Amino acid sequence: VAAGLCALCPSASAGDWDFTPNLTVEELFSDNVNLTQTDRESDFITVIRPGFSLERKGGARSHLSLDLAFDHTRYLRDKTRKDTTKTLNAEAGAEIYENVFFLDGMASISQATVANTAGESGTGVSDSGNRTELISASANPNVRHHFRNWADYRFDYVISNVRVEDESIDTTVTQRYGSTLTSGREFAFLRWTAETRTQETDHRGTDRKDERRLAQFSMQYVDRIVFQPTASIGYEQIKDNTITEPPDGLIWSVGGVFQPGPRTSVQLSHGQRYGDPNSSLEASYKIGPKTTARINYSQVLETSQSLSLTELTSPTANLSRPDTGFSLSNNAFRQSTFDAEIDAERGRDNYRIEVRWSERKTDADGSINTVQSVRASWTRDLTRKLSGTVDLTYRTTDFGPTQSRVDDFITYRASLDYRLQS
């Protein structure tokens, strides 16, 4: 995967590349390494994380950013426990024909929870067999054209692959193609976008094939400084045999962008999509020079595989985070998520508080999972290379009427990170 992304960039002299090796050593203590309610055992866990980052700088027509790390996990008391996992985040792009033809690519390797009904680790370190490797990669050749100052056109073809090490989760290949026409500078007060998109997902090893088609026109009136109204209208069709009533019809939304001052930004919308009322919210408030509060709310209709592809370009998807509380699933699900967080930096200290509520409904089995969590963390830079972190997570998972089960999940963690960097 990484080699393929490097191939997107033309050959360059050594001065064009920035290679940075790094090494992190993390020491953890767990009072329940078996992740069970019975037969609890405590142990110290050492995680040695060698890796490197590679970045191509100064290239006007190509770019590359790659971070690769290997986690080698060892247990102090039980020498037979050991594991090695890897993490990759990579993105690359090249301008093949000036201002016309471009080629972009992304890839990631992460660890995800297989089943939320089994044992989980809030740190991602687990010997329970309930974590699996998830690999996502995509290639995106695209063509662009500028109609002077009137509009910008772009045609995209994206082919993506998601592979999960656990055999219960399908490997998928997704092809998506579509056109986007966006207003140019001649439209000083009214920004608009017209788009069409077709997506086909093949579940390898099965006869299942999902399809999505979308045509949409959206606009934003930008003449006003404090409040800028937004609206959209379109048509969407989804074919997926794991959805009881696949959406097929009109979609619309109305909303606006509210910016009463330089420290506040609120973007909200409400309308109809996926056959139900649909709302979204993104808000941020800069409390101080180094303190920011954020709120997000979204409603989506996805599978674990499609959410993984979203995570390539949107970290808020959070599929691979160890505290999301959801299982991997081949079935489509409707998920509503509310996130709120406060980040503060004071000298060498960084504080973060996160509150999360998420509900996932799956038509295929009638399940409704609701996850609520609170997480607080404090990180202090003890020296230039040594930092310490303390965090506490509380999460409750309600498995709904089909299981009549509620799980409480508590993780407290203290760690020291020492970074060796050339």
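User: What is a salt bridge here?
Analyst: A salt bridge is a side-chain nitrogen of Lys or Arg within 4 Å of a carboxyl oxygen of Asp or Glu. This is a predicted model, in which local features need pLDDT of at least 70, side-chain atom pairs count only at pLDDT 80 or more, and totals for chains, interfaces and linings use all residues. Residues are numbered from 1 along each chain as its sequence is written, and side-chain values use heavy atoms, with hydrogens and water left out.

User: How many salt bridges does the structure hold?
Analyst: The structure holds 20 salt bridges.

User: Which residue does Arg356 pair with?
Analyst: Arg356 forms a salt bridge with Asp339, at 3.0 Å from N to O. Arg356 is in strand 17 (residues 349–362) and Asp339 in strand 16 (residues 333–346), 17 residues apart. Strands are DSSP runs of E, at least two residues long, numbered from the N terminus.

User: Is Arg356 buried or exposed?
Analyst: Arg356 is buried, at 7% relative accessibility. Buried means under 20% relative accessible area, exposed over 50%, and partly exposed in between (1.4 Å probe, protein chains only).

User: Turning to Arg208, where does Asp240 lie relative to it?
Analyst: The closest N and O atoms of the Arg208–Asp240 salt bridge are 3.2 Å apart. Arg208 lies in the loop between strand 9 (190–203) and strand 10 (209–221), and Asp240 in the loop between strand 11 (227–239) and strand 12 (248–261), so the pair ties together parts 32 residues apart in sequence.

User: And what about Asp210 and Arg208?
Analyst: Their side chains also meet in a salt bridge, at 3.1 Å from N to O. Asp210 is buried, at 9% relative accessibility.

Technical notes. Helix = DSSP H or I, 4+ residues; strand = E, 2+ residues; numbered from the N terminus.
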